[in-house]
Amino acid sequence: MAAATVDGSALAGRALAAAGARYMFGVVGIPVTSLASRAAAAGVRFLAFRNEQSAGYAAAAYGFLTGTPGLLLTVSGPGCVHGLAGLSHATANAWPLLMVSGSCDQADAGRGDFQELDQIAATKPFVKLAVKATTIADIPRLVFQALAATVSGRPGGCYLDIPSDVLHQTLTESEAADLIAAATAASNPSPPKHKSLDEGIEKAADLLRRAERPLVVIGKGAAYARAEEAIRKLVDTTGIPFLPTPMGKGVVPDSHPLSATAARSLAIGQCDVALVVGARLNWLLHFGEPPKWSKDVKFILVDVCEEEIELRKPHVGIVGDAKRVIELINREIKDNPFCLARSHPWVEAITKKAKDNVLKMEAQLAKDVVPFNFLTPLRIIRDAILAEGSPAPVVVSEGANTMDVGRAVLVQNEPRTRLDAGTWGTMGVGLGYCIAAAVAEPKRLVVAVEGDSGFGFSAMEVETLVRYQLPVVVIVFNNNGVYGGDRRGPDEITGPYKDDPAPTSFVPAAGYHKMMEAFGGKGYLVETPDELKSALSESFRARKPAVINCIIDPYAGAESGRMQHKN
Ligand code: ADP
């Protein structure tokens, strides 16, 4: 009897499972359909999407939420190109993702084969590593190598190309087992050798101790590193106020009395020493420069990426894992402890400013404005989310005004419970994020607060939500378009196409909830506080896919959110 054979698809599926992969997001088709089902048979659950772009955003978010590589599977050529969206987004955000694509037959490359593309060249600008299996025996080794590369150093995207002929090659069961065993053995690296951090740790602790107006800035790299306990301890023992970046929110609870979120301008404008953990001094942090920051501020940067420290040239740079570094700083401080009292002028200034701003905001939030502005529905959503308690829902947020106002109103008291447009300000991430969050965090409800424009990019994935029956409630802030529809002045409504809809406007009062109903999920149309409250309460309780179409006054909110100066 002929020995049973294993083809490239099955070998890839088994290698992914052996390397610890649990989920794969993607779209099947030639030549990877079998790879998806083989991987599933080997224990890697395949989540089938309607578009690779959304699947890629799912894989990116999965990488952030779990600290393990998100997997994206695409077909060749156009599928690979669609996948670049998620691949580049993951790299931009420093999240681990491995994209695996089938590619055309090697023998036909260069002759115009079906969906032919030089996929290594196409992916290279967006990845840390792009490799191609040229024969079946390469597959296990490259799977392990590429997965490891996604999480080493600064996390990011990697690419594995498997040509169609390689997927169809075969070898025997025992050859397959040997190759996987060899790849597994080779992938057990000796523990990383850490450079001595002593000098940096001492300097950092000393600088914080001597600072008059210290601040801890918490980035999403700290959330990724699961540094929450260490950072919480640092804040609690030293009494130093902290400021999270959007996805750093929740590493220390927003409800913590030392949160400087509501006193952001004061905190960054006046701090004299800033310990920045897992955040780049990029546009989101105003490049660490005046006028937003004081020109004399001394930065202590903690980042896993040495190039990042070299780029920013901080007063003290510590290359290392955020959790480990903050634990070491805590240990250093323990030997010679210090703590800013709540009556310390700096702490008092921050807490007072934060309290004043919160009170002002609460006064606005307390009003029931109908037709809805952004604040009224966001308050109702915030309260419904908080009422869920722990484990807190994962909040997905995108859109201009919806995301900006939402960041200020929605509360994160647990780490990694906020997913938004991120470093690139990527729109279209919403539904992919929701699906990733639902599978990565099965105990948490997922609540997406989406602008109607942001939702539109990936709206077809509501079918995916229904197909897998995921506990995701999507609230669409429907204000008839980008920024609120037609906001053109008379000088812009001229010329031969003046009767066309404005570039920013959509069909008014679009029935987004009906899209969900079309697939058998639950849809709600809401225009008043009571309708919204009742839709939230029912859908949160049901833990089934739902879309709440929330009608917003198109004249509420600003163009480009708070980025108007760049538009
Ligand atoms: P944010 O958007 O929250 O400001 P960024 O994406 O700009 O955050 O920065 C995240 C930083 O965290 C990146 O520079 C990345 O290299 C870094 N990082 C990733 N993982 C770790 C880790 N385990 N420890 C420390 N830093 C990390």
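Predicted model: local features only at pLDDT ≥ 70, side-chain atom pairs only at ≥ 80, totals over all residues.

Me: OK, strand β4 then: why is it described as largely enclosed?

Reply: Five of the five residues of β4 (residues 70-74) are buried, so the strand is largely enclosed by the rest of the structure. Buried means under 20% relative accessible area with a 1.4 Å probe, counting protein chains only, and strands here are DSSP runs of E with at least two residues, whereas helices are runs of H or I with at least four, both numbered from the N terminus.

Me: And which residues sit on each face of β4?

Reply: G70, L72 and T74 lie on one side and L71 and L73 on the other, and all of these are buried.

Me: Which strands does β4 pair with?

Reply: Strand β2 (residues 23-26) pairs with β4 in the parallel sense over two bridges, with F25 bridged to L72. β4 also pairs in the parallel sense with β5 (residues 97-103), over five bridges, and there T74 stands opposite S101. Pairing requires that DSSP finds at least two bridges between the strands.

Me: Switching topic, how many residues of helix α17 are buried?

Reply: Seven of the nine residues of α17 (residues 401-409) are buried, so this helix is largely enclosed by the rest of the structure; the buried ones are N401, T402, M403, D404, G406, R407 and V409.

Me: What covers them?

Reply: The covering elements include α15 (345-366), α16 (375-387), β14 (394-398) and β16 (446-451), where contact means heavy atoms within 4.5 Å.

Me: What is the strand order in the six-stranded sheet?

Reply: The sheet is open, with parallel pairing and the order β15-β14-β16-β17-β19-β18. Its edge strands are β15 and β18 (522-526), each of which pairs on one side only. Within the sheet, β16 and β17 run parallel and are joined by six bridges, and E450 has V476 as its bridge partner in β17.

Me: Last one: which residues does the central domain annotation cover?

Reply: The unreviewed UniProt entry places "domain: Thiamine pyrophosphate enzyme central" at residues 201-327, in the numbering used here and with feature names shortened, and such annotations may be inferred rather than shown by experiment. In the model, the end C-alpha atoms of residues 201-327 lie 10 Å apart, and the span is 36% helix and 18% strand.

Terms used: Residues numbered from 1 in each chain as written. Heavy atoms only, no water. Buried < 20%, exposed > 50% of the residue type's maximum accessible area, 1.4 Å probe, protein only.
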